[in-house]
Amino acid sequence: MAFSDWLRPPRHLAVLFLGVALILMATLAWLGWRLFQQDRALERQRVQVRLEHAADVVAAELNRRFEDVEDRLAVLGELPRSVLPDSAEQYAQMFCDDAAVLVLIEAELAVYPSGRIPYYPVADPLPDPDARSFARGEALEFRVRDLVGAASAYRRMAQSSDSAIRAGALLRLARVERKAGRIEAALQAYDSLAVLGSVAVNGLPAELVARQARLPILDRLRRADELKHQSAALVRDLNAGRWRVTRAQHEFNVDAACAWSDCTFVGDSTTLVTRRVLAAAAAWIWDRRATLEGAGRELIRLEEEPVLAVWHDTPERTVALIGGATHLREDWRAAVRPTLQDQRVSVAFADVTGSLLTAPAASGQDLLVTRTLADTRFPWTLHVASADPLGDFAQLAERRRLMLLGLATLAVFIAVGLYGVLRGVTRELEVARLQSDFVAAVSHEFRTPLTSLRQLAELLASGRVTSDERRARYYGILERESGRLHRLVEGLLDFGRMEAGAMEFTREHLSPSDLARSVVAEFETELGESDHHVEMTSEPTVPAVRGDSEALGRAV
């Protein structure tokens with residue numbers, strides 16, 4: 001069959017519907033994709049607006065925290081000296097171990113909590129006693145070389161009420177005892193010296209000098225375990241800021257103590273780095289004390305670590321809060337944690353170079369809102385991101401699922417409709433073929449009796465049939481063919497009535513054998529002179545049926 005023939009009705013309707021369906025489905029897919037894109041953009045815009053609002057709220061809360069810190073520093077700057085240490089210590093305890101409060105009064109620097117930094121930018125002025133106080137003992141020691149007399153003179157001076165003279169005498173007594181070979185007596189003198197604590201001796205705290213001097217004596221006595229223990233303890237105390245020393249003094253004494261044992265096991269390296277960063281921040285404040293005016297805040301990098309400095313300067317004193325990376329994470333982010341939870345966001349701080357000071361606020365896929373230094377007057381750039389990015393787009397995912405379900409349902413309906421149309425077209429094609437076959441068969445059936453009627457009518461009309469017997473036989477054939485033609489016409493009418501649903505059947509009890517015999521008898525009459533023969537056999541007992549005898553006979 002040619003393609004053009006195949007496209008004739010009703011097939012062209014199926015092709016047309018298929019094309020329309022495909023165009024419709026493609027259009028729906030494109031519209032769905034565009035809808036998804038627009039919905040995604042609208043959802044991102046909604047989240048962006050929420051984050052912008054959250055960034056403003058967080059920035060306002062941080063600014064309020066800065067103002068609280070500056071106000072508290074201003075209060076400390078106005079307190080009398082008698083209550084200042086306790087108030088500053090109490091305020092400093094509110095922060096983590098990576099923060100400290102500094103108080104600068106003229107040439108003095110106090111750090112709270114005490115011992116928070118390992119060394120200071122400047123040591124306390126510890127005046128040594130007049131060297132002439134020890135002149136008699138030193139003359140016996142160095143000129144006369146009377147060690148016994150020198151020791152006796154130093155012991156008497158060690159009973160002085162002046163702690164500075166007592167410290168100098170004990171130091172010299174220990175030296176004389178070492179020269180005389182009385183090692184245990186020298187250790188006892190150093191122990192007595194250590195009890196004096198921060199009393200100045202040779203410009204250093206007496207306790208530090210005494211403990212440092214004990215180490216070579218313990219090594220001389222081969223008391224290795226005690227030497228290792230005391231050297232490690234000395235390094236720990238130096239790193240913990242037990243004594244007020246400068247950086248040079250601190251490093252010198254640490255190196256001297258570590259010369260007697262392995263110091264790699266002493267203390268937490270992270271804590272030591274934190275303390276050194278704070279010490280560097282204290283030195284930074286100390287160096288700029290003359291230029292600090294009013295209130296200020298600044299983020300600096302010292303020892304390759306970020307440090308936040310907030311200060312308040314008055315004519316009498318300067319009070320500052322310094323803190324490292326842990327202070328930024330635990331104190332400042334913790335200060336706004338309720339706000340972060342309420343706004344469902346996370347924050348991060350970055351310096352002017354863009355380097356993060358805290359953990360990132362968002363991954364590379366998430367929306368991020370930034371507030372720069374110029375926007376907020378903070379010493380850092382503020383990054384704000386959603387704390388639950390998946391939750392923000394949960395409604396979008398739900399709507400997308402619903403839209404996909406609707407599109408899938410519509411696609412199923414289109415597919416089912418297409419299948420129904422194709423199936424209907426196929427059935428119509430089959431019915432058309434059957435109708436064509438039916439018309440051909442009926443035409444053939446009509447042609448046979450009509451041919452016979454025409455031939456016989458021509459013979460009779462022309463007068464060529466002279467015999468009465470032949471005329472009678474022809475008349476019988478005419479009657480039989482007319483009846484056959486009548487039955488064909490009635491059959492067509494019955495077929496039309498059956499198609500229209502208007503056919504009425506008369507149901508009665510019938511014997512199938514008798515019905516078949518009556519049909520065979522009709523065929524035998526029609527086949528009278530032909531060479532065909534019909535044989536029929538039936539069972540003796542065939543149950544009766546209920547039906548229309550004429551319709552069943554026609555069917556048989």
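This is a predicted model: local features need pLDDT of at least 70, side-chain atom pairs count only at pLDDT 80 or more; totals for chains, interfaces and linings use all residues.

Me: Happy to start with helices: are α7 and α8 roughly parallel or antiparallel?
Reply: Two packed helices are described by the angle between their axes and the distance between the axes. Helix α7 (residues 183–195) and helix α8 (residues 206–220) have axes 8 Å apart and an angle of about 160°; helices here are DSSP runs of H or I with at least four residues, strands are E runs of at least two, and both are numbered from the N terminus. Axes are lines fitted to C-alpha atoms, for helices over the stretch in contact, and angles run from 0 to 180 degrees between N-to-C directions. Angles under 35 degrees count as roughly parallel, over 145 as roughly antiparallel, 65 to 115 as roughly perpendicular and the rest as oblique, so α7 and α8 are roughly antiparallel.

Me: And which hand does the crossing of α7 and α8 have?
Reply: A crossing is left-handed if the near helix is turned anticlockwise from the far one by less than a right angle, and right-handed if clockwise. For α7 passing α8, the crossing is left-handed.

Me: How do α4 and α6 run, roughly parallel or antiparallel?
Reply: The axes of helix α4 (residues 135–143) and helix α6 (residues 163–179) come within 12 Å of each other. They cross at roughly 20°, and the crossing is left-handed. That angle makes α4 and α6 roughly parallel.

Me: What about α5 and α6, parallel or antiparallel?
Reply: Helix α5 (residues 147–157) and α6 have axes that come within 8 Å. Their crossing is left-handed, at an angle of roughly 155°. The two are therefore roughly antiparallel.

Me: Turning to charges, how many salt bridges does the structure hold?
Reply: A salt bridge is counted when a side-chain nitrogen of Lys or Arg is within 4 Å of a carboxyl oxygen of Asp or Glu. By that rule the number of salt bridges is 23.

Me: Which residue forms a salt bridge with Arg 172?
Reply: In this pair, the closest N and O atoms are 2.9 Å apart. The bridge links helix α6, which holds Arg 172, to a partner in helix α4, 34 residues apart. Arg 172 is buried at 14% relative accessible area, where buried means under 20%, exposed over 50% and partly exposed in between (1.4 Å probe, protein chains only).

Me: Is Asp 351, which meets Arg 301 in a salt bridge, buried or exposed?
Reply: The side chains of Arg 301 and Asp 351 meet at 3.0 Å, N to O. Arg 301 is in strand β5 and Asp 351 in the loop between β8 (345–350) and β9 (368–371), 50 residues apart. While Arg 301 is partly exposed at 42%, Asp 351 has a relative accessible area of 9% and is buried.

Me: How far apart are the C-alpha atoms of Ser 386 and Gln 48?
Reply: Ser 386 lies in strand β10 (residues 381–386) and counts as buried at 8% relative accessibility. Gln 48 is 338 residues away along the chain, yet the C-alpha separation is 9.5 Å.

Me: And how far apart are the C-alpha atoms of Arg 487 and Arg 554?
Reply: Arg 487 sits in helix α17 (residues 468–500) and is partly exposed at 40%. Arg 554 is 67 residues from Arg 487 along the chain, with a C-alpha separation of 9.3 Å.

Me: One last thing: which helix holds Val 416?
Reply: Val 416 is exposed, with a relative accessible area of 52%. Together with Leu 410, Val 412 and Phe 413, Val 416 forms a nonpolar surface patch with about 380 Å² of accessible area; such patches take residues with over 30% relative accessible area and no salt bridge, joining like charges within 9 Å and nonpolar side chains (Val, Leu, Ile, Met, Phe, Trp, Tyr) within 5 Å. Accessible areas come from the Shrake-Rupley method with a 1.4 Å probe, and for residues only the protein chains shown count as cover. The place of Val 416 is helix α16.

Note on methods. Residues are numbered from 1 along each chain as its sequence is written. Side-chain values use heavy atoms; hydrogens and water are left out.
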